[in-house]
Amino acid sequence: MKASQLFLSLIKRLTTSVIVLLLTVSFLFVLVRIAPGDPSQKFLSPSLSPQLIEKVKKTFQLDKQIHEQYVSFLKNALTGDFGVSYSFHRPVNEVIAEALPFTILFSLSAFVLQLIGGLLFAVLAFRYHKKLWDKFLSHGSMLLYAVPSFVSGLFFIYVFSVQLKIFPSSGIRTVGILENNYFPLLFDYAQHLFLPVLVLSLTGLPVYFKYFREHFEESQNKLFIIYLRANGVSERRILLSHIIPNSLNSIIAYAGVDLGILFSGALITEMIFSLPGMGRLAVGAILQRDYPLIIGCTLTVGTLIILTSLLADLIRLKIDKRLVKGLIN
Amino acid sequence: MKRIHFSIYHFFFFLLLITIGFRLPLLENTAMLFISYLALFVADYRTAFGQLSLSMADYFISLLLIIAIPVFLFLKKDIVFSPKTFSFSHYALAVILYAFVFAPVITNDNIDFQKNISVTRLLPPLSSIHVLHLNNNPVKSGRLNNFLSLKNSVVKNSFDEKIIFFDSLQITQSGVIYFQNELRNSLPLSSIEMLDGKPNISDRFFLLGSDEFGRDIFTRLVYGTRISLLIGFCAVILSLIIGVALGFLAGFSGGVTDVFLSRLTDMFLSFPMIFFIILILAFFGNSFFSVIIVLGFSGWMSLFRIVKGEILSLKNKDYFFTAQQLGLPGTKLLLKEALPVIAIPVIVNTVFQFGNVVLSESALSFLGLGIGNEFPSWGGMINSGQEYLSQAWWMIFFPGAAIILTLVTVNDFGRKLANYFNPRLHE
């Protein structure tokens, strides 16, 4: 009984999210078409005859009314066909499928790094509460929070790529490296991804640090912690098996949304390091007025965001049974 | 005996003194220009209106404030607010606001001034370069001409035909030979301004270096403060209006409106806004106003949530219920009963939102979708410095430091404000 109710409410939530996503995509579909400018202009010059212009527009199906275009888009989208990208001259699905694996790898590693880093630094600050380390870390996180990723990215490129020449400054692998030699290939990837992952995780690290730090401090005054301490449970045990597990619950909800947004492509980091991810793909599509690719990217990113927040909710339900009650009621 | 603390006002006064010390001739000229403009205005107001320009008014405002602020501070002896402990963010805020208001007298340069690019491009910080002054045309007499020559000496143009930057110089019988980056040029002595029988040579100092077009980075940095803060203020005010109005509507009317607006907020919050912003700016064109409007429209969500929550809890309060039952109209309810309650959380959130907008604006400028090249913006300066990363670190370092300083200050200010208004922390 309880399980089926839970399942139903999850389905209900998922349906709302999908409807919101569909509305967003429809909104974008209309918005890009009513905006001034036209993708066919890129392939045309004013000296061409009007008949040819009409023909080009016809191949893009831009001669039809917006609602006709929308209906044909919906029909094709239901079969999983999102059209052909104007700038890549290939199916949108193919183009996105090339960028997506990289983005998932990239954002996942940055996500893990910032989560673990935030937790570790928070534990460190908590251990040396109101001592030098704590103050240093708190002020440092405040400073780090204010550093935009394009500043830190260029700073790291200047130090590590230009001056020290340890890490490459752009791209994802060295030209001409052997494909079938796995170990050097892996090393090469790691070397290329080190700086971008560092830069990307530095923007989120202070947020997680601050969250954990505040939660640790708040839980100091909780009755169950005082009780444990009065019973002589060691500080280490209190921290590891009582304070940290309790702090996870609401960070997971935040992390779900955060990971979803990371999946949408850390746009500026990808720009600085010229990485082939979703963010650069989407911005390229916007600047080239590649309508099918814009819609495709939005749909992919939206689906990923919905999935990650759903996953976060499932994990929260798994670790905190009280939430099940709240969700059903 | 009253102890005197070094307060923020003293610091502001100190900044003013530094400016006056460095720019005394300029300020004198500005004062004279102001007087002659007033004289021109009395004599012939049509010409005066024709001569009035925004940059000249800018100089006048700076001059008047430089006179007015010390007078005001001396008259008002009992200054209430005086931070007794050193707080970095207070002083940083003072510096930023100072740069915002007094930009023209701090730099005394045109933002686009460029000349002899081969010599002046990509100069490192603290470098200076020799300047050769050419002969000025003699000033014609008459009130208008007098005014115009004064105006030229105060309000700087983006070009100056009367100076030449050079690396080295040789004086011969017939004239001077000067070298500009291995390029040899010569000039007759008659066209050069002479000082005690020698050519008048001075040094031009580039405090923070110059960019790829030989423009002074310090000048552009100081004027960039104006752009960042102005866009921040305008966009924040726009999102304040939208957020408060929608939040009040959702919290007050409830029902379908509430559900619809909350869903809309969720939609806005769960999607990466930067793509929407880029899409709209790329499709509908980017300009000063479109950046403000787009950033303003993309930042109302958190304000909406705060206002809605406050209104919902307010609806259960007796005094609000009474006011409602007495028949107060909606606008009066908002202004008289709701606004005083929601003001504090809204103000705190607005400060943080201001920081977000400054960050977004610089990110957009970095991507080339900001307010365009007409005005210098920090993000745009970093974007142009990206290309010269290996040669000129100063092109990125100083604008980056300015962005970080502003954001740290604004965030810290917001945090302090939140603590100040939080009654639980004063126990």
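Chain B and chain A bury about 3300 Å² between them, where buried area is the accessible area (1.4 Å probe) that two parts lose on being put together, summed over both. Of this area, 86% lies on carbon and sulfur atoms. In chain B, B:Phe271, B:Phe275 and B:Phe283 lose the most area to chain A, together 21% of what that side buries. The model is predicted: local features need pLDDT of at least 70, side-chain atom pairs count only at pLDDT 80 or more, and totals for chains, interfaces and linings use all residues. Residues are numbered from 1 along each chain as its sequence is written, chains are lettered from A in the order in which they are written, and side-chain values use heavy atoms, with hydrogens and water left out.

The contact (heavy atoms within 4.5 Å) takes 34 residues from chain B and 41 residues from chain A. Across this interface the rule finds 0 salt bridges, a salt bridge being a side-chain nitrogen of Lys or Arg within 4 Å of a carboxyl oxygen of Asp or Glu. By class, the side of chain B that touches chain A has 25 nonpolar, 6 polar and 3 charged residues. Here Ala, Val, Leu, Ile, Met, Phe, Trp, Tyr, Cys and Pro count as nonpolar, Asp, Glu, Lys and Arg as charged, and the others, Gly among them, as polar.

Chain B also holds an open sheet of 3 strands, in the order E3-E4-E5, with antiparallel pairing. Strands (E, at least two residues) are DSSP runs, numbered from the N terminus, and two strands pair if DSSP finds at least two bridges between them. E3(B) and strand E4 (residues 175–180) of chain B pair over 4 bridges. B:Ser168 stands opposite B:Phe179 in E4(B). Strand E3 (168–171) and strand E5 (183–188) of chain B each have a single partner strand, so one side of each is left without a neighbour in the sheet.
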